[in-house]
Amino acid sequence: MHLAYPAVLAALLFAIGVYGVLARRNTVLVLMSVELMLNAVNLNLVAFDVWLRDALHGGQALTLFTITLAAAEIGLGLAIVLLVFRTRRTADIDRLTALGDPAEDGPAEDDETSDATSAEAVA
Amino acid sequence: MSLLAAAGPLEPAARSFLSPTGVEIVFLLVGVAVLGAALVTVTTRQLVHAALWLVVALGGLAVEFLLLTAEFIAWVQVLIYLGSVVVLVLFGLMLTKAPIGRSPDADSGNRWAALAVGLATAGTLVTLVVDAFRTSWIDLGAGAGSAKATGEYLFRHWVLPFEALSVLLLAALVGAIVLSRRDDEGKKPRPRPGKLRAGKPVGTSSGKES
């Protein structure tokens with residue numbers, strides 16, 4: 001098999017994941033895009049392991065480790081998202097601007113709208 | 001013998017994009033399906049549908065792993081990604097009260113900047129990868145990624161990282177439990193089991209609490 005096929009597929013999948021991370025607003029959807037990027041890296045690791053065929057099988061072992069780390073990451077990430085949702089009543093990333101720079105105008109407006117939406121959600 | 005040795009270097013030149021093997025055709029078709037499912041995952045406005053299309057993308061990647069003779073990793077992919085990660089994501093969508101149906105604000109305002117960055121990433125990476133690995137070929141042999149081979153290299157060469165990773169997974173799960181626990185449950189005094197046996201008539205409240 002030509003090595004370019006899995007490499008190009010992994011590159012395109014990684015680019016789709018980058019777009020998803022930057023463009024999505026819901027935090028859970030951002031985590032799903034992160035999973036896509038991790039899977040692109042997994043595909044690269046497996047393809048290059050099959051190509052190089054080293055005795056240690058470093059690519060496949062690292063793929064297994066990456067899958068385990070992704071499981072741990074999605075568990076912790078969803079726990080954090082649930083905690084944020086419970087305290088702020090929203091899971092939208094661009095409304096969570098409590099740590100943003102208050103000097104600019106944009107984040108201050110966002111913070112007000114987030115407070116308004118949280119008040120509505122509580123009421 | 002010398003003829004064979006002389007014909008050896010000529011053989012890789014005979015392989016080209018214009019005469020793909022059956023494995024390559026299947027890989028291309030499944031890859032197109034994976035890319036389409038991933039695109040729908042990051043662009044759809046129905047949040048639950050995004051998680052279901054993620055199943056298609058990750059399952060297609062499991063098929064790609066099978067085509068690359070990494071059988072064990074393919075089944076681990078099916079078990080962990082399709083079995084647990086997608087279920088966790090669906091639970092996360094439900095617990096954050098994601099709207100069923102179309103939500104018009106699924107994409108944030110910097111969508112076009114994200115599109116530009118994604119296209120730039122795709123262009124750069126694909127150009128680089130095609131230029132670098134244009135003449136590289138994978139010799140697919142059977143058995144390189146079977147469960148037997150995986151167990152041998154994992155427990156012969158990678159034992160220490162494996163054990164460290166299990167400790168990390170345990171710490172991550174304990175951290176997830178601590179993070180997602182409600183505080184008011186921790187402060188509530190638990191009814192002691194000794195009190196129930198101490199001759200006190202079992203009230204309705206303590207019976208409910210225990």
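Author: One term to start: a residue is buried when its relative accessible area is under 20%, with protein chains alone as cover. Also, this is a predicted model.

Reader: Okay. How much of chain A counts as buried, then?
Author: 54% of its 123 residues.

Reader: And what is chain A built from?
Author: It has 4 helices and 0 strands. From the N terminus, the order is α-α-α-α.

Reader: What share of the contacts in chain A joins residues at least 24 apart?
Author: 54%, counting contacts between residues at least 6 apart in sequence.

Reader: Now the two chains. How many residues are in contact?
Author: 68 residues of chain A are in contact with 86 residues of chain B.

Reader: How much area do they bury between them?
Author: The size of an interface is often given as the accessible area lost when the parts come together. Here chain A and chain B bury about 7,200 Å². Of that, 77% is on carbon and sulfur atoms.

Reader: What about polar contacts between the chains?
Author: There are 16 residue pairs in polar contact between chain A and chain B, both residues at pLDDT 80 or more. The salt bridge count between the chains is 1.

Reader: Which side chains meet in that salt bridge?
Author: Arg24(A) and Asp107(B), at 3.1 Å from N to O.

Reader: Which helices of chain A touch chain B?
Author: Helix H1 (4–23), helix H2 (27–52) and helix H3 (58–88) of chain A each supply at least two residues to that side. H3(A) gives the most, with 23 residues.

Reader: Switching to chain B. Where is Ala37(B)?
Author: In helix H3 of chain B, residues 22–43.

Reader: Is Ala37(B) buried or exposed?
Author: Ala37(B) has a relative accessible area of 2%, so it counts as buried.

Reader: What does Ala37(B) touch?
Author: Trp53(B), Val56(B) and Ala57(B), leaving out residues up to four places away in sequence. Gly60(B) is 23 residues from Ala37(B) in sequence, and their C-alpha atoms are 9.0 Å apart.

Reader: And Leu95(B)? Where is that?
Author: In helix H5 of chain B, which covers residues 71–95.

Reader: Which residues form a nonpolar patch with Leu95(B)?
Author: Val87(B) and Phe91(B). The three form a patch on the surface, with about 270 Å² of accessible area together.

Note on methods:
Residues numbered from 1 in each chain as written. Chains lettered and ligands numbered in written order. Predicted model: local features only at pLDDT ≥ 70, side-chain atom pairs only at ≥ 80, totals over all residues. Heavy atoms only, no water. Patch = residues over 30% accessible without salt bridge, like charges linked within 9 Å, V, L, I, M, F, W, Y side chains within 5 Å. Areas by Shrake-Rupley, 256 points an atom, 1.4 Å probe, with all protein chains shown as cover. Salt bridge = Lys/Arg side-chain N within 4 Å of Asp/Glu carboxyl O. Contact = heavy atoms within 4.5 Å. Buried area = accessible area lost by both parts, 1.4 Å probe. Polar contact = N/O pair within 3.5 Å; in protein donor to acceptor, adjacent residues only side chain to side chain. Buried < 20%, exposed > 50% of the residue type's maximum accessible area, 1.4 Å probe, protein only.
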